Amino acid sequence: MPEASQQLFNYLIVGGLVFALGTIGFIVRRNLIVMFLCAEMMLQGVSISLVGWGRYHDRLGGQMLVLFMIAVAACEAGVALALIVMLYQKSGKLDVTFWQGVREEGRAAFVDRNVPRELDREDHWPRLTPAGIEPTLDEEAPLHRSRV
Amino acid sequence: MSGGGTWGLILLVTGLFLAIPHSTRRTRNAGGLLITAGIVSILYALPRFGPWFEQLVFWALALLTVGASAAAISMRSPVYAAIWFAVSLLGTAGLLVQQHAQFVGVATMVVYAGAIVVTFLFVVMLAQPEGHETHDRLSWGRLAKPASILAGGTLMALLGSACGAVLNGDIPRAGDGQSLLDDSSELARLGNELFSVHLLAVELVGTLLLVALVGAIALMIHGRERRATREVPDA
Amino acid sequence: MFAIEKLILWIPALPLLAALITALLGPKFLRSTCHIPAIIGIGASFLFSLLLLTEVRREQDAAPPGGFERIVTVWNWANLNDAYEHAEAAQPPRAVPLRIDVVMRIDALTSMMLCMVTSVATLVAVFAAGYMHGDRGYWRFFSYVSLFVFSMTMLVSVSNFALLFVFWEAVGVCSYLLIGFWYEKPEAAAAGKKAFLVNRVGDFGFALALFLIWTTYGTLDFHDSQSVDSIASNATAVAADDSLIAASVANPGTSGVLGKARIASGGYVGGAVGFVICALLLLGACGKSAQFPLHVWLPDAMEGPTPVSALIHAATMVTAGVYMVARCTPLFMASPDAQVLVSCVGGLTALLAGLIALTQWDLKRVLAYSTVSQLGFMFLGLGTGSLAGITAAMFHLFTHAFFKAVLFLGAGSVMHAMGNVIDMRRFGGLRRIMPITYGTFLIGSLALAGVPPLAGFWSKDAVLGAVHDKLHLYEQQIELRHAQGGGAADATTDPARAGIGGLETLTDGQLVCGIQAYGWLYYAATLTAFLTAFYTLRALLLTFHGTERVPHEAHGHAHESPASMTFPLMVLAAAACIAGLFFDQTYNASLPSGQRHSFAAFLASAPQLAAGAVGKTPALDSFHLSVAATSVLVSLAGIGLAMYLYLGDTREVRVLTSLFNLDGVVQSLDVRRVFRWRWVAALDRMARRAGLGLVATVTGYLLGAVLIVVSAPLLVAMYVSPYRLSQRKFYFDELYDWGIVRPLRGFSRLLASADRWLIDSLVNFVGAVPPAIGAVCRRMQTGLVPFYALAMLLAMLLLLASQL
């Protein structure tokens, strides 16, 4: 049935786009939380495709898989966010490049160059009411980069 | 993929390059425009199906989903990124519902948008930066952004051409696609299958959730204890 | 009465057991009582050997003609089917299994050797208990000695060439271990290495001989693997029967190389192959028995403890070569050229070693060269190829074991008293300090010198007589041929012209050659007997006579050795006294023929000596009065000369030394003397006064140059005067050093540098490639998580693209 194929094609393309955007975001962004969001976005792309395939084959398997995926994503979110909070408490930052202790011995650590000036002062940032306790920085943290 | 799709992909990639951080507001606006144009042209190039109303709804939902995803990875602030991700989830849920997967769509809304994204926001609130963080505006290397966007674009193109097999009707269908159309008994059938065929998997996932819960709590407690023991000599 | 099949197993087993006990328990538990298991084990082994000997004597009377032998198969060691396609002429090729059994044999030769080895070993072990007392390696010594006795008893009692080779090497290893026993001493370590390496040359020849025997005869067994006696009895009945030869050839694996069937049928290969087999065997024997040109290791082996020198390097191991050649008599009988070669090697070695021994100052070294010389005598006897010569050689081996052991142990006793000083110039006149040692040493010396009626006289005389007989046999044969006219081409086919003692197959050329060789060898042997008497007495007189001198190493308490050392000396000296007279009664014409020499008669019952070609040769049965008289005269002359020179004033010695050192020639070549002559100076002065000073100088220089050129050959005499040749052992060590060792070392260095620069650099290059790649790749290990994600994405793209 060509119509079903065309429908599936549409959904697959959309799912693929979402997946690829998630991939790009995961690689490009440095904020741990945003990276994590991007990973979830990739899962969304996959779930769109899965449901599309289920519809195409007239089976419930695709939806089942998406349901389990949601459950696993919830687990993942719980553990990953706990880890992120821990890392944040250690370094006071959400920067993924801060954690590069597994690099090869003798290799220089990554350091930001040409940090951009504030070009747009009028830029408005949303401000949420701070929650929780103000983290005290780990004293050893600055030493971390030169440890390896 | 047709020519319109290719040009749309090029527009999308260019827009992403302009919109993703380390950019001024102006290029970000232009990028947004390019991204929208790219998505529209891709969607327009896709083959039509079904009645016009359904087609219109699909276009709207797809534009919402992909556009919001692109916005989510382009936003400097994690707060905005999370909000755009929630919007993208809305579109996804819509697409799922349109696919006669109402329960899954609703579950996505509830679990993702309702629980996970809220947790994100909570973490963002915990780690609220005072000012503008450099790492939200810069990628991690000079070539990182172009390379990853090009790789992502290639991924999109490859996925699209791989999906061409579907369009050619090479893939035989297992059913005629009629049984899922009956929305009235959808939930019952889903439940039936979930708790009969996939019962073991359900139990396993339940266990997994419990373990993840315990693990998350243990991680937090462990980290806090180590901090505490390290602070004892100082005190 | 006694099961000799059991005895033959117990004889080697007991020393092995002793070796194991000493090795395992020695360092911790036995400590200074390590000699007890060794003495008990070897002593019991000696008693068993005596039992075996009497049993063999009893059995051989009842044995069928063709000799007595008993084969005991212990276990199967190797069994390879289709090892070799055995192709005899006129026979289709067929597969022969290579089967090596651990087989012991019992016969006269074996039992005699066993008795000799274990008796000397027992006495030496008793001696060593005193001599080695307090040594750090006490347990090691007795463990090695027991192991050696095990190896040596196995060597003389196995019945297979492969096993013979195994134990041949085993005694070599024990010898190496014991020479280098004091391995902290660099000389001892070097001597052990030298002995081992020189022996490798001989063993290489021996191994080649084994290969050739295998390819020629299709078996390595001595014995027939069929029921031996039945075949042999048939064989002697119809010895010339062609069918038997055919049978033995048709079943090449079943009739042993030295088996009765083959001996009876005469199925031995002569010609070039037979000669090469014998020559290679001889090379092996030369290595082990220190014959020219492989004799250089034995004198150096004296670095080992003196009991070892007595046991291994005088009495037992070095006679393994003699034993092997005697055992292989049938092989040698098939090749008369090889026999002449054996004789020549033996005679040359005897003379050479005797000459070297004349001028050595080291007591043990004199004895070592004397051993080499006496071994040469044995080879000379073996090479005569007659039953008389071979039994005489074995008899000499037997008596030599006793008197040489007593000499070595006496030297050990002297060393013990002198604080390990062995240089004869540093002590003297010890006969009052050590009377027992002196007495036994005197008996040993006289026995070695060949003074009747001591043992050495009888055996040496037997060897000389055998050579003399052989010479006469050849002369008679050639006279016979001349009388009949014509050559020897058809001698075998013409029964009327059959010669004497199996010489009919020889050509005239071989006969003439043999006469030349044996003639020279006889005179060389007689000269050697003179030299032997001289250097033996020289050593005795220098050590025990003259003014009493004791080196300071003795710390002033030089004394007679303890009873454990003097007792073996006395026993051995007694044996050296009576061994000859007891066995050799050839002078007693009243005894029936065949019983006059009980030793030779007993040995002749060994299958290898009983039948075949050697059986037709004359036996050791008569007393050569002329030969005996000559040798006694010569010995007495040697003794008398030594007594004249070394008793009392030694002025004559110095004169003789300078004479043989060509000191006169050297002095006369001193050109500077010319300028001291008065008339030369006068002539020079006249020339200068006449204004011809320049002419006189130039003429003088020219004359000097001419003189140097003319006298250049004489200058060589400064370095190769007879005295120096003897003192420096005919420069054999230097010759080998420059001819073999240094070129080989240079070649090795070349190869080593090639290895280092060429091969190693190649290998290192290969080894350097992965680190180079790694050095590039490790730069990618940035530790950035997004970078890894990017790498994964790119790899995934590659996979996807390849799937499209």
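Colleague: At which residue does H21(C) bend?

Modeller: This is a predicted model. In it, H21(C) has a bend of about 30°. The residue at which H21(C) bends is C:Cys577.

Colleague: How far apart are the end C-alpha atoms of helix H21 (residues 563-583) of chain C?

Modeller: The helix has 21 residues, and at 1.5 Å a residue they should span 30 Å. The distance in the model agrees with that expectation. The end C-alpha atoms are 29 Å apart.

Colleague: Which helices are included in what covers the buried residues of H21(C)?

Modeller: The buried residues of H21(C) include C:Leu569, C:Leu572, C:Ala576 and C:Phe583. What covers the buried residues of H21(C) includes, from chain C, helix H3 (108-131), helix H17 (387-417), helix H18 (435-449), helix H19 (455-484) and helix H22 (598-603).

Colleague: Turning to salt bridges, which residue forms one with C:Arg200?

Modeller: The closest N and O atoms of the pair are 2.4 Å apart, within the 4 Å cut-off. The pair links distant parts of the chain, 31 residues apart, with C:Arg200 in helix H6 (residues 186-217) of chain C and its partner in helix H5 (residues 161-179) of chain C. That partner is C:Glu169.

Colleague: Is C:Glu169 buried or exposed?

Modeller: Buried means under 20% relative accessible area. C:Arg200, at 26%, is partly exposed. C:Glu169 has 19% relative accessibility, so this residue counts as buried.

Colleague: Where in chain A do the residues A:Arg30 and A:Asp95 lie?

Modeller: Their side chains meet in a salt bridge at 2.9 Å, N to O. The two residues are 65 residues apart and the pair links distant parts of the chain. Both A:Arg30 and A:Asp95 are buried. A:Arg30 lies in the loop between helix H1 (2-28) and helix H2 (32-57) of chain A, and A:Asp95 in the segment after helix H3 (61-91) of chain A.

Colleague: How many salt bridges does a search of the whole structure find?

Modeller: One of the pairs is C:Arg105 with C:Asp107, whose closest N and O atoms are 3.1 Å apart. In chain C there is also a network of salt bridges that links C:Lys185, C:Lys194, C:Asp300, C:Glu303, C:Asp362, C:Arg365 and C:Asp733. Over all chains the search finds 20.

Colleague: Which side chains meet in a salt bridge between chain A and chain C?

Modeller: In this interface, 14 residues of chain A are in contact with 12 residues of chain C, and about 1200 Å² is buried between the two chains. A:Ile27, A:Glu104 and A:Arg107 lose the most area on the chain A side, together 46% of what that side buries. The count between the chains is one salt bridge. At 3.2 Å, N to O, the side chains that meet are those of A:Glu104 and C:Arg778.

Colleague: And for chain B and chain A, which element gives the largest share of the side of chain B that touches chain A?

Modeller: The contact takes 113 residues from chain B and 95 residues from chain A, and the two chains bury about 9900 Å² between them, 70% of it on carbon and sulfur atoms. The interface has zero salt bridges and 12 residue pairs in polar contact. With 14 residues, the largest share on the side of chain B comes from H8(B).

Key
Residues numbered from 1 in each chain as written. Chains lettered and ligands numbered in written order. Predicted model: local features only at pLDDT ≥ 70, side-chain atom pairs only at ≥ 80, totals over all residues. Heavy atoms only, no water. Helix = DSSP H or I, 4+ residues; strand = E, 2+ residues; numbered from the N terminus. Buried < 20%, exposed > 50% of the residue type's maximum accessible area, 1.4 Å probe, protein only. Expected span 1.5 Å × (residues − 1). Bend = angle between axes of the 7 residues up to and from the residue. Contact = heavy atoms within 4.5 Å. Buried area = accessible area lost by both parts, 1.4 Å probe. Polar contact = N/O pair within 3.5 Å; in protein donor to acceptor, adjacent residues only side chain to side chain.
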